[in-house]
Amino acid sequence: MVPLSVLELATVATGSTPARALAETTELAVVAESLGYRRLWVAEHHGMPAVASSAPAVLIAHLADATSTMRVGSGGVMLPNHSPLVVAEQFGTLEALHPGRIDLGLGRAPGTDHTTARALRRTQDLGADHFPDSVVELIGYLAPRDGPPTHPSANPGPGYLPEVWLLGSSEFSAQLAGLLGLPFSFAYHFSPGPLDAALAAYRSAFRPSSLLAEPQVMVAVSVICAPSEAEARWLAGSSALSILQRRSGRLGLLPSPEEAAAYPFSPAESALVEETMSTHLIGDRDSVREGLDALARRTGADELMLSTRVHSYEARVQSLTLVAERPPGA
């Protein structure tokens, strides 16, 4: 049986607020833990009205306090936006508060537009050329070691290293994760094309490290599960319209299925949405299970992470509950 986990964005839907979205994410974490999901990650995005998870470390502290056994972490922290020392201090503190339950997923994309990225970084350099060095630096602040402290140092520091993952949607981070001997999570939910090549690159490049002896792969996938395929397709209308709005630069709250049903999609828009969502698993419990089984067999993934972007909290809980009733390989 392939373990399942949850990717959350603290989704702000039409008619809702960021405060309500954060409260619902907290409630969802408690539900996910009770259903047996292995971990819940929150993603760092900025300047997006529909996403309230802009400060992962703050939200992770709250989620870890609301749960007791499930791992909680970032999927991910966009490291080029931050000083490695600051991230080390944040996640060392989280690990000290919740030992053995914190994950630090690291990505090299900005998680936002260029204008917002410049505001975050306070520099005109928006490249991620220093990402490999930053990952090594960050781990160095928290990895157990002998001898006197280095300068600079984090506190909490050595001995308070969470489980570190590299995230990616291409071969670059896959190869880096392999070379550093770190677990790798692939973003199939928004970049399905490079999946097979990236996982092959990761496994080929993998070198055992003090943190990981063998390759460890997680694949994130978009899932909407409902009692019937018709209901699941109806709920998926929110994602369809949201995709179109983002592609055209019209950022807003996640639309409702009713708004999506009333929108006059042109043939070109319908084709774009259909292509983008072709790898999403949308349907009833059995069809979603079959899709998860097929993805697990194709990738040899050690774990699958489910991203469920629907308008209502109740529909998210329904989807996670139905999938948990018949997990992959059961």
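Modeller: Two rings of Phe, Tyr or Trp count as a pair if their centres lie within 6.5 Å, the six-membered ring being used for Trp. The model is a predicted one, and the structure holds five aromatic pairs.

Colleague: What makes W41 and W165 an edge-to-face pair?

Modeller: The centres of W41 and W165 are 5.6 Å apart and the planes stand at 75°.

Colleague: How do you know whether W41 is buried or exposed?

Modeller: The relative accessible area of W41 is 1%. Buried means under 20%, so W41 is buried. W165, at 0%, is buried by that criterion too.

Colleague: Why is the pair of F184 and Y202 called tilted?

Modeller: The ring centres of F184 and Y202 are 5.5 Å apart and their planes are at 35°. Stacked requires under 30 degrees and edge-to-face over 60, so the pair is tilted. It links distant parts of the chain, with F184 in strand β6 (residues 184-186) and Y202 in helix α7 (residues 195-205), 18 residues apart. Both F184 and Y202 are buried. Ring pairs also join F184, F186, Y202 and F206 into a cluster.

Colleague: What places R108 over the face of F172?

Modeller: R108 lies 4.0 Å from the ring centre of F172. The distance limit for a charge over a ring is 6 Å, and R108 is assigned to the face of F172.

Colleague: Why is strand β3 (residues 71-78) described as largely enclosed?

Modeller: Eight of the eight residues of β3 are buried, so the rest of the structure largely encloses this strand.

Colleague: How do you know that β3 pairs with other strands, and in which direction do they run?

Modeller: At least two bridges are needed for two strands to pair. Four bridges join β2 to β3, and six join β3 to strand β4 (residues 102-107); β2 and β3 run parallel, as do β3 and β4. R39 has R71 of β3 as its bridge partner, while S74 stands opposite L104 in β4. A right-handed β-α-β unit is made by β2, helix α2 (residues 56-66) and β3, and another by β3, helix α3 (residues 84-97) and β4.

Colleague: Which residues of helix α6 (residues 171-180) are buried, and what covers them?

Modeller: The buried residues of α6 are S173, A174, L176, A177 and G178. Their cover includes α5 (131-142), β5, β6 and α7. At the start of α6, a side-chain oxygen of S170 comes to within 3.5 Å of the backbone nitrogen of F172. Just after α6, G181 adopts a positive phi of about 65°.

Colleague: Why does S319 count as buried, and which residues does it contact?

Modeller: S319 has a relative accessibility of 1%, under the 20% limit, and therefore counts as buried. S319 is located in helix α12 (residues 313-325). Apart from neighbours within four places in sequence, S319 is in contact with V223, I224, C225 and T308.

Technical notes: Residues are numbered from 1 along each chain as its sequence is written. This is a predicted model: local features need pLDDT of at least 70, side-chain atom pairs count only at pLDDT 80 or more; totals for chains, interfaces and linings use all residues. Side-chain values use heavy atoms; hydrogens and water are left out. Buried means under 20% relative accessible area, exposed over 50%, partly exposed in between (1.4 Å probe, protein chains only). Helices (H or I, at least four residues) and strands (E, at least two) are DSSP runs, numbered from the N terminus. A charge sits over a ring if NZ of Lys or CZ of Arg is within 6 Å of the ring centre and within 35 degrees of the ring normal. Contact means heavy atoms within 4.5 Å. A crossover is right-handed if, with the strands pointing away from the viewer, the path from the first strand over the helix to the second runs clockwise. A polar contact is a pair of N or O atoms within 3.5 Å; within protein, one must be able to donate a hydrogen and the other to accept it, and residues adjacent in sequence count only if both atoms are side-chain atoms.
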